[in-house]
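Hello,

Here is the structure for you to look over. My notes follow below it.

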Amino acid sequence: MNQYAALLIALPLISAFFVPVIKSLSKKVVMPFLVLVTAVQTGIAAWVFNEVYSSGKPMIIMAGGFKPPVGINLYIGHFAALFVLIIAVTSFFMAVFSMKAITVEPKDKYVMLFLLLMLGATGMIATGDIFNLFVFMEITAISAYALTAYNKTGEASEAAMKYIILGGIGSSFFLVGIALIYGSLGTLNMAQIAQLAGRMNPTVAQAALAMLVFGLAVEAELFPLNAWAPDAYQAAPHPVTTMFSAFVVKAGLYALARVLYLTHAVGSWGHVLKLLIVLGTLTVVIGELSALRQTNVKRMFAYSSIAQVGFIAVGFALGTQAGVTASVFHMVNHAIVKALMFMAVGYVAFELGGVNLEDFKGLGKTMPLTAFAITVGAISIIGIPLFNIFWSKIQLILAALKAGKTGVIALILGASLVEAVYYIRLIHTMWFEEGDRDRIKENLIFGTIMLLLVALIIIIGVAPNFVWNIVQKAGADIYNAAQYIKNVPLLPGVSP
Amino acid sequence: MVMKRVLAILTILIIGYWMASALANVPFGADKMLVGQYYLNHVKEQTGAVNAVTAVVVNYRGFDTLGEVTVLFIASTGVAALLWRRKKERTAKSEGSIVLTTGARLLFAFIVLFGAYIFIHGHLTPGGGFPGGATIATAFLMLYLAFSAYEIPHKSFEVTEGIAGMGYVTVGLIGLAIGSYFLFDWIWQTWGWGHSNIGRLFSAGFIPIIYTIIGIKVGTELTGIVDSMVKEPKEGGE
Amino acid sequence: MSISVYYFGAISLILIGLYAVLVKKNLLKILVGLSIMETGVNLLLISIGYIAGRSAPILSEGVGPNQAVDPIPQALVLTAIVIGVATTALALTVAINLYETYKTLNIEELRRLRG
């Protein structure tokens with residue numbers, strides 16, 4: 001019965017292949033088909049989530065019926081179940097948003113690329129084999145390249161070009177890392193790599209892990225390979241930007257954390273952690289300082305998103321269970337908040353035609369629901385109590401304290417201060433400055449989705465324990481490599 | 001300007017030294033196989049193919065191949081989406097030379113046949129779905145080069161591509177239904193066809209079927225990419 | 001520290017490709033560099049699978065399971081080549097669109113025009 005979770009991968013795939021057939025029958029049916037498929041995917045993800053969390057055991061799907069490491073296995077543990085659900089729900093909301101927000105033709109190709117982006121991120125999170133991770137990473141990346149350039153403006157093409165070049169370099173480095181790992185261990189299965197990691201020569205391990213980190217840093221938007229991110233976020237269609245920020249970057253970060261923590265038995269692990277902390281810190285600093293100077297609100301949100309991603313990377317780089325759990329909590333909260341904010345900004349752009357700071361003047365009177373949503377999101381990112389990100393920032397600070405890295409605490413507090421400056425500036429523009437437009441009737445469906453996300457933010461902010469328990473299990477899933485190895489039924493005949 | 005080149009060369013030398021020092025510890029030509037040896041020992045009985053690489057690609061690591069087919073599909077869709085205009089037409093200025101046009105007419109069928117041979121015999125000889133499909137696309141490319149007004153029937157190629165892709169996932173889903181694992185080789189392992197035929201054409205379970213599907217898919221996809229790139233927007237249209 | 005000539009060749013290709021991506025100004029030359037880099041990586045992967053004195057992993061007459069090289073890197077490279085082709089196709093399409101909008105393929109001009 002558990003193997004039916006393979007439908008998480010098979011369903012978006014077969015639907016994407018089915019779209020040309022549907023299109024030749026009727027063009028209008030394509031967008032509703034997207035909403036239907038994402039709804040079904042949400043249902044399957046909810047079933048998987050329920051199974052994994054109520055039984056406490058991860059689902060292992062063996063493709064082809066061969067036991068790992070002979071075959072490829074999917075490992076849907078606590079973290080994967082949680083995030084596959086988040087991906088499915090976000091995609092469903094964005095599918096609904098796309099029905100109105102996408103006006104550029106050809107829409108049927110947009111639907112196919114959308115489904116495959118969702119599939120790629122789901123696969124990256126659910127896989128248990130390192131080369132399979134590469135393949136799903138490429139599926140995500142290539143769909144992202146095409147979706148970034150989808151609007152076909154000069155800006156979009158240039159953003160896509162930057163992304164493709166950086167992504168190509170990243171994936172080549174990732175393959176070199178895989179080559180080094182395969183050359184020294186002879187296997188590609190993540191559980192077996194974790195088991196045999198102690199035998200790796202430290203020089204080889206250091207180089208291989210560094211290459212893997214650089215390869216994943218492109219998707220995970222870490223400095224210096226995140227130069228593509230602000231342009232791509234600005235030029236992509238609005239639902240696509242939301243998807244990038246809500247789950248594509250999280251899939252990259254998860255892969256980074258997974259690869260890192262499974263190989264913690266190698267001799268040079270500390271060096272790789274140091275590399276990650278440096279990258280994360282630079283990401284935060286440059287992200288926050290750049291956000292301060294922006295006049296285009298969507299670009300400002302993009303830089304803010306990059307800075308938050310830096311926090312998550314720093315959390316993973318602390319090397320402790322507390323750090324990992326705090327980062328996972330931040331991933332969940334950040335996904336919710338950024339989904340809300342990019343959707344709201346996209347809606348403003350759709351109604352008013354522009355997203356510069358001037359367009360936001362007096363938004364409180366013109367589109368009060370949207371302005372309220374953006375305000376809640378902004379307040380929560382700064383880290384004000386009673387909203388969800390407050391709790392994850394506190395956890396990050398506590399984890400840094402326990403690990404003895406006081407520089408990280410200074411970083412988090414400093415960054416929150418800078419965030420307060422530019423977000424309060426935005427809130428001031430929206431509510432306290434006079435705009436020159438009349439009240440616009442806001443779409444009921446979009447309003448409902450935004451209110452739902454706002455409610456989630458406030459609920460988690462006021463009563464975080466429910467989510468915190470789930471997150472702790474998910475964090476333990478990543479940190480505890482020994483448990484991971486035990487959970488995967490490795491074939492006994494294939495070991496050195 | 002010079003600064004940029006110097007920095008680039010420095011970065012490259014550092015990366016190169018680092019990679020070389022890591023590779024010095026991975027001895028060239030030594031037997032490092034772990035899972036590979038298991039594959040070689042068991043490939044004939046578990047999959048029925050004699051070409052071990054094919055068995056790995058389609059059977060043992062079939063999930064990766066599904067992903068690869070998807071990647072090519074995304075590329076084809078992306079190219080079509082980015083080069084989409086309301087009306088497109090071919091703008092070749094002249095026909096190919098007489099050698100090209102005659103040769104194209106004569107050789108087209110043979111090249112398609114050769115491509116089909118490559119993917120049908122994937123489990124016995126090197127090759128498989130991807131080179132086979134690429135060969136078929138080359139045949140169509142030759143027609144594009146030779147004739148200035150030739151066009152493939154775009155809509156039906158797209159539908160074929162979609163149906164071929166669905167076919168691959170359906171084969172996997174049938175495996176899920178019959179053998180309770182996604183991408184289970186139900187022809188070889190449940191029905192037991194071809195067990196006595198190892199080394200000949202009708203063996204190796206569902207490998208020929210999947211490779212045929214992949215060959216058709218890749219052929220139509222690459223031809224579609226060529227078609228999108230060669231056409232230019234019509235004057236007076238978008 | 002001595003490495004095999006095959007590893008050296010693969011690393012050189014990767015570095016030459018990386019140099020072209022970092023230094024060249026014409027977009028098509030940058031894409032060619034990316035392609036060379038991917039070829040170098042594929043070569044590296046295949047060289048890792050080689051076992052001295054053995055032949056191709058097709059188990060017909062004369063080649064038993066102990067006389068074949070490693071089949072896994074070859075399967076990996078098959079996938080990697082296709083992924084490289086897909087990336088190159090998409091990159092060239094974006095280059096076509098860039099040229100149609102800005103009428104130049106020089107990355108410094110493009111940066112200047114976008115402002």
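**What was found**

Thr127(A) is buried, because 29 other C-beta atoms lie within 10 Å. Buried means 20 or more other C-beta atoms within 10 Å of a residue's own; exposed means 12 or fewer, partly exposed is in between, and C-beta atoms are placed from the backbone. This is a predicted model: local features need pLDDT of at least 70, side-chain atom pairs count only at pLDDT 80 or more, and totals for chains, interfaces and linings use all residues. Residues are numbered from 1 along each chain as its sequence is written, while chains are lettered from A and ligands numbered from 1 in the order in which they are written.

Back to Thr127(A). The loop between helix 4 and helix 5 of chain A holds this residue. (Helices are DSSP runs of H or I with at least four residues, strands are E runs with at least two, and numbering starts at the N terminus.) Leaving out residues up to four places away in sequence, Thr127(A) touches Leu74(A), Asn132(A), Leu133(A) and Phe136(A). Contact means C-beta atoms, placed from the backbone, within 7 Å. Ile72(A) is 55 residues from Thr127(A) along the chain, yet their C-alpha atoms are separated by 8.3 Å.

Next, chains A and B. Here 55 residues of chain A are in contact with 49 residues of chain B. On the chain A side, helix 5 gives the largest share, 10 residues. That side divides into 37 nonpolar, 14 polar and 4 charged residues. Nonpolar covers Ala, Val, Leu, Ile, Met, Phe, Trp, Tyr, Cys and Pro; charged covers Asp, Glu, Lys and Arg; the others, Gly among them, are polar.

How do helix 8 of chain A and helix 1 of chain B cross, and at roughly what angle? Their axes come within 8 Å and cross at roughly 135°. Therefore helix 8 of chain A is oblique to helix 1 of chain B. (Under 35 degrees is roughly parallel, over 145 roughly antiparallel, 65 to 115 roughly perpendicular, and the rest oblique. Axes are lines fitted to C-alpha atoms over the stretch in contact, with angles from 0 to 180 degrees between N-to-C directions.) Thr203(A), Val204(A), Ala207(A) and Ala208(A) meet Trp18(B), Met19(B), Ser21(B) and Ala22(B) in this contact. Its residues divide into 6 nonpolar, 2 polar and no charged.

Last, chain C. The buried residues of helix 1 of chain C include Tyr7(C), Ile11(C) and Leu18(C). The buried residues of this helix pack against helix 6 of chain A, helix 1 of chain B and helix 2 of chain C.

Best wishes

Key:
Two residues are in contact if their C-beta atoms, placed from the backbone, lie within 7 Å.
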